[in-house]
Amino acid sequence: MGRARTIARRSFLIGSAAIVSGVAFGAWFVTRATPNPLLGELGEGEAALTPFVKITPEGITLIVPRADVGQGIASTQAMLIAEELDIDPSTATLDPGQPHPAYFNGSVAAEGLPFPAWEHGFVARTVRDLMVNVARLSGSQFTGGSSSVADLHETLRLAGATARETLKAAAAARTGVPMAELRTEDGHVILPDGTHIAYTALAAEAAAIDPVTDVTLRPASNWRRLGKAYQRLDIVAKSTGTQDYGIDVVLPGMLHATVRANPGRGGGMAGYIPNAALAMPGVRSVVEVNEGLAVVAENTWFAFQAAQALEVDWLPPDYPASSAEMWQALSDAHTDEFRNSRLRDDGDVEAALDGATAIAAEYRAPFLAHAALEPLSATVLVESERVTIWTATQVPHVVRDAAVAVTGLDASQVTLHALPAGGSFGRRLDHDYVVQAIQIAASMPGTPIKTTWSREEDMTHDFPRPLHMALGRGTVADGRVVTYDLDTISPSLVQSWFGRVFIVPPGPDTMLVWGAFDQPYAIPNYRITGYAAPPMMPVGSWRSPGACSNSFFHESFLSELIHAAGADPLEERLRLIADADSRRVLEAVGEMANWAGADIGPGRGRGIAFAHTHGVPVAEVIDVTMTDRGLRIDAVWIAADCGTVFDPINAEAQLTGAAIFGLGHAMNCELTYENHAVQQTNFDAFEGVRLHQTPRFHTRLLGLAGRVRGLGEPATAPAAPALADAIFAATGQRPREMPFNKAVDFA
Amino acid sequence: MNLTINGTAYSVDLPDDMPLLWALRDGLNITSVKYGCGIAQCGACTVHIGGQAVRSCQVALADVWGEITTIEGLGTPDALHAIQEAWIAHQVAQCGYCQSGQIMQAADLLAQNPAPTDADIDAAMSGNLCRCGTYPRIRAAVHAAASAMREA
């Protein structure tokens, strides 16, 4: 049959049911079909029944387009398809696919709006729907913002159901048995007489019929895999050293490269002398790349050594040279000129503060590196008609477009092999390392070149979490918090990051105030004001961006007011929150920890914090003890509600991992600057939590919230303020600046 | 330069002062051994030399004093070591990048101490960094592996 006819009939997107309708403006255009990218690559007898399921006589491939950076989303995506497709996902091949609008992410765009996630009024819903379609039109294929499950859980199950029903239709056509009498199990269609027909044997026939799109998703009560304890599909590989990451690519004839960039980010070069580097063993060439130079050599070690031998005359960048000057720039931006948003303004804060004895406090959060354990790396082969890239990325569409820009080839001539990442925490939402790798490979066409950053380069040239400070003022009366006013000041993350990988959205920078303006407290006089300080060095999204700093400020200041009021930290939070999902996690964490106040005995302390980020309410309680070796974190209780939990074992890992990430950086991590350069360039100066500091964890996911949400980030934000609160309970001193080891020694 | 790795003899033509890490990764394509820091602060490059856990980023090729074991020498997907079975049963890995080093460090610990306490595990394993924060499951998996190995 004709290919054109097949494409025309298949050019619906199975996700259409997941695309929220009801947006009047341009609906006919933005909701029209997105082509199935798999159709163009099919061979004889192969079927791509949806953009997510490809069946050939040899096997089944599931397209899992969201990047696995450790959060386990490759497995979860496969499980979502498999639940409806009736296959054992461990028998399928998982393929991230090529960048394509069919795999767009609508949820991330809908998050960056000036509405709290718990706000579901008409305007909020309508504007969110509009943003979904903006993302759809632009083909934005981000992995981030804890959005993957929220964005794809229906789409992937519908894809599985459509593929299953189409295979049944093919089997019905072959056998004459009505579809209603067929069932499916473990990759087979089963006839009433018990005859099994493998899906793979039906591929050619399924490709020739109209996909069955009138499908109904199975209710959760009928799920056989989702929601049950199951094994991550990558767990054996990751326990045996057989998982290949982006940094592990080996190709015939491959050379190795590394980059040495201006430690003053963006400063540029006045000149350089490559002779000493070129004379070193195994060195092939020195190449100019974005931000600096690269050395191409026979192995990574030779490249590292030679990069140090480059003599470069760096030019200074245009941001302040030292941390002290940067803090001053932040303080100086606390004026009307830099006021960016006031997305919460309840009651009358000015009147309430006028003449009152206000409680005031200032908080600080430092620059932080992402410092994923796998240093940034990409392998690229540039040929006359094709560029092939092997790397781990959260922005495959941006990488493809960058390859087009560097090489001048067409997007159709770019092949991206998206590989698992050894961590990311938001770093791979940028693609600077891939651009450099493409530039390096383009200098030596026909030779594959793996570019690996040293750890020092990785930390020096991060797009760090931005420097952030806040000033709180408030009043209490009759044992209650009455007035809460928080001014939060930071360089704009939206301006910086969105400007690099997308478009800078109009309106206020909501990320600057995430974790503050969007918290569900009903304080009588309650105001959150964001100030966008002038840009410094480029900054990036760091696990729970905005909220990872703001939640520390917001919850710490709330705790200070509650303490001044003489109220109980848990009871007062419950009194101030009406949102049912949020109340339930607070009540749950109190029950889990047998909450009876912050005093748990001499030399000890108990803290609490709550944060509503990425649509997930999370409450954390932390116990600490002062020992003769320093302060020890004994135990952490976490209650959260992300709605339906598809992958319970991994969900628990995300809660504890995110909390440990939040705790470790709050304890002992910061990036400081001298002469424009980062002073902490390796893990000796940027440790985080180690095993001996790891507390006991007790977690609970309530599963009661109505909306499905992701868990990669939400437990991060409340960890730091809960620890600060526990330190206050144990020592009487509240740390107001991260990292807390400025004020207290940790065991 | 001759090396014995997982019982197989290899010859590499690389400088004496090159770290074993890079000889394994780039010279011999044994990429299960991970580069994380290059200064013995993360443990991702941990292998055994003569049965002892070492940071391969800190061992110059000329100084290799015995047979090298990488995680492939401990066990494979088709023939798992008890430690790997415990790591799988507890679903320790998230990104997994540090886990080869964690498992090789745990193997050294359990060879010396078949019944480690939490404090023993803390002391032996705190040099191995995990940025994903899989530590609670690492602890549980080491205990489970110890128990399984004692009963074997």
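**Helices and strand pairings in chains A and B**

Of the 19 residues of helix α17 of chain A, 16 are buried, so α17(A) is largely enclosed by the rest of the structure. A residue counts as buried if 20 or more other C-beta atoms lie within 10 Å of its own, as exposed if there are 12 or fewer, and as partly exposed in between, with C-beta atoms placed from the backbone. Helices (H or I, at least four residues) and strands (E, at least two) are DSSP runs, numbered from the N terminus. The model is predicted: local features need pLDDT of at least 70, side-chain atom pairs count only at pLDDT 80 or more, and totals for chains, interfaces and linings use all residues. Residues are numbered from 1 along each chain as its sequence is written, while chains are lettered from A and ligands numbered from 1 in the order in which they are written.

Helix α17(A) covers residues 547-565, and its end C-alpha atoms are 25 Å apart, which agrees with the 27 Å that its 19 residues should span at 1.5 Å a residue. The expected span is 1.5 Å times one less than the number of residues. After α17(A) comes A:G566, with a positive phi near 75 degrees.

In chain A, three strands make an open sheet with antiparallel pairing, in the order β5-β6-β7. Its edge strands, β5 (183-185) and β7 (196-198), each pair on one side only. On average, neighbouring strands of this sheet are turned by 30 degrees against each other, direction ignored. Helix α6 (residues 148-175) of chain A packs on the sheet and touches β5, β6 and β7, its direction making about 55 degrees with that of β6(A). Axes are lines fitted to C-alpha atoms, for helices over the stretch in contact, and angles run from 0 to 180 degrees between N-to-C directions. Contact between two residues requires C-beta atoms, placed from the backbone, within 7 Å. Strands pair if DSSP finds at least two bridges between them.

In chain B, eight of the eight residues of helix α1 (residues 20-27) are buried, so α1(B) is largely enclosed by the rest of the structure. These buried residues, including B:W22 and B:R25, pack against β8 (255-261) and α10 (300-309) of chain A.

Strand β3 (residues 46-49) of chain B runs antiparallel to β4 (residues 52-55) of chain B, joined by four bridges. B:H48 has B:A53 as its bridge partner in β4(B). Two residues lie between the strands of this hairpin, where B:G50 takes a positive phi near 55 degrees.
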